[in-house]
Amino acid sequence: MITRKLFPVTDRALKEFPAVALLGPRQSGKTTLAKALAQARVASLYLDLERPSELAKLADPELFLSRHSDKLVVLDEIQRAPELFAVLRALIDEKRTAGRFLLLGSASPQLLRQASESLAGRIGFLELAPFDVSEIVPGPEQLQNFWLRGGYPPSWLAPSNAVSLRWRESFITTHLERDIPSFGIRIPGMTLHRFWRMIAHLHGQPWNASRLAASFGVSAPTVQHYLDILEATYMLRRLPPLHANLGKRLVKSPKVYLRDSGILHALLNIRDQDDLAGHPIVGASWEGWVLEQVVQILGQQWEFLSHGQRRGIGYCCGAGAAAYGI
């Protein structure tokens, strides 16, 4: 198993907070990491809230969880049961000891809101992204493959590029038809798929809601809402402009990047290195890939950088891509 750099960070957070929320997209390795953390403890309990049998155990959550107050309780896909947050708050206040609950969530804005309201001061938030270069440490040939496939564990560890591509295509379908509706978002999957593909073609370009809305046949606020959905589910990253334009009414637009290069390539039907080398997106793809690696390596430090510093990193990534002729 590839050691995740977030393992010691999460372990330390569990020693400091009564509850820790480990957030990130599906299939990024949250469950594997959580089970490894649970096994390292004397007593633990794992509950997958997507399984009806596990969810049924929490019919009376206060009674059930009180019986396991001496264990680390892992609640996977916690957004499936947002009503648990009030119960967790009461249990934590009753016995305020560190490392009682590890909550796993697949990029739900509702999870963030509910947890912030109910567990303020009692919970630490961490984000687990797919693999980055510091975890894989790929050689020169592997690096090209890593860029092509992206960092999702099933994609990177697939036995061939064809198998990896099929997994990514399946992931895209599942995310649109199952995951997003599970967050209470009622937008047809085909509509979001078309929008996602359009964003893939605009990868690394300044965001222009009006122009995209005209092409898509909807209003600018609607495409902005679609963009917010993809960003909230960890599929997309917005890079702010380098300078704040405080003296003028002109507002500089952020650049938009798909966070995982493998998902980007699947949306554009790029199957192998030859396809990638001959595709117009190759330079922007490399720029976005390098940017995402920098963000993941910086970790929480990225959140404390100013807009100018973030945009400066993005500028360097783009300049590096141009210097190498891609």
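Start by selecting Asn269: at 41% relative accessibility it counts as partly exposed, a class that sits between buried (under 20% relative accessible area) and exposed (over 50%), with a 1.4 Å probe and protein chains only. Asn269 lies in the loop between H14 and helix H15 (273-277). Helices here are DSSP runs of H or I with at least four residues, strands are E runs of at least two, and both are numbered from the N terminus. Check the backbone too: phi of Asn269 is near 60°, a positive value in a residue other than glycine. Most residues other than glycine have a negative phi.

A word on what you're looking at. This is a predicted model, in which local features need pLDDT of at least 70 and side-chain atom pairs count only at pLDDT 80 or more, while totals for chains, interfaces and linings use all residues. Residues are numbered from 1 along each chain as its sequence is written, and side-chain values use heavy atoms, with hydrogens and water left out.

Next, hop to Val137, in the loop between helix H7 (133-136) and helix H8 (140-149). Its phi is also positive, near 50°, and Val137 is not a glycine either. With a relative accessible area of 61%, Val137 is exposed.

Now zoom out to the whole chain. Of the 326 residues, 49% are buried. Residues 24 or more positions apart make up 69% of the contacts (heavy atoms within 4.5 Å) with a separation of 6 or more.

The 3 strands form an open sheet in the order S6-S8-S7, with antiparallel pairing; to pair, two strands need at least two DSSP bridges between them. Strand S6 (205-206) and S7 are at the edges with a single partner strand each, so one side of each has no neighbour in the sheet. S7 and S8 are joined by 4 bridges, and Leu239 has Lys255 in S8 as its bridge partner.

While you're there, click Lys252, in the loop between strand S7 (236-239) and strand S8 (255-258). Lys252 is partly exposed, at 41% relative accessibility. Draw a C-alpha to C-alpha distance from Lys252 to Trp207: 9.3 Å in space, for 45 residues in sequence.

Time to go inside. Cavities and pockets are found on a 1 Å grid over the protein atoms alone: a cavity is a set of points where a 1.4 Å probe fits but cannot get out, a pocket is an open set with protein on both sides within 12 Å along at least five of seven lines, and lining residues have an atom within 4 Å of a point. The structure holds 3 cavities of 30 Å³ or more. Select Pro130, Arg259, Asp260, Ser261 and Glu292, which lie nearest the centre of the largest cavity among its 20 lining residues. Helix H14 (261-267) and helix H16 (282-298) each give two or more residues to that lining, and H16 gives the most, with 4 residues.

Last stop: the second largest pocket, with a volume of about 400 Å³. Select Ser28, Gly29, Lys30, Thr31 and Thr32, the closest to its centre of the 23 lining residues. H2 provides the largest share of this lining, 5 residues.

Key:
Points joined across faces, edges and corners; volume = space filled by probe spheres on them.
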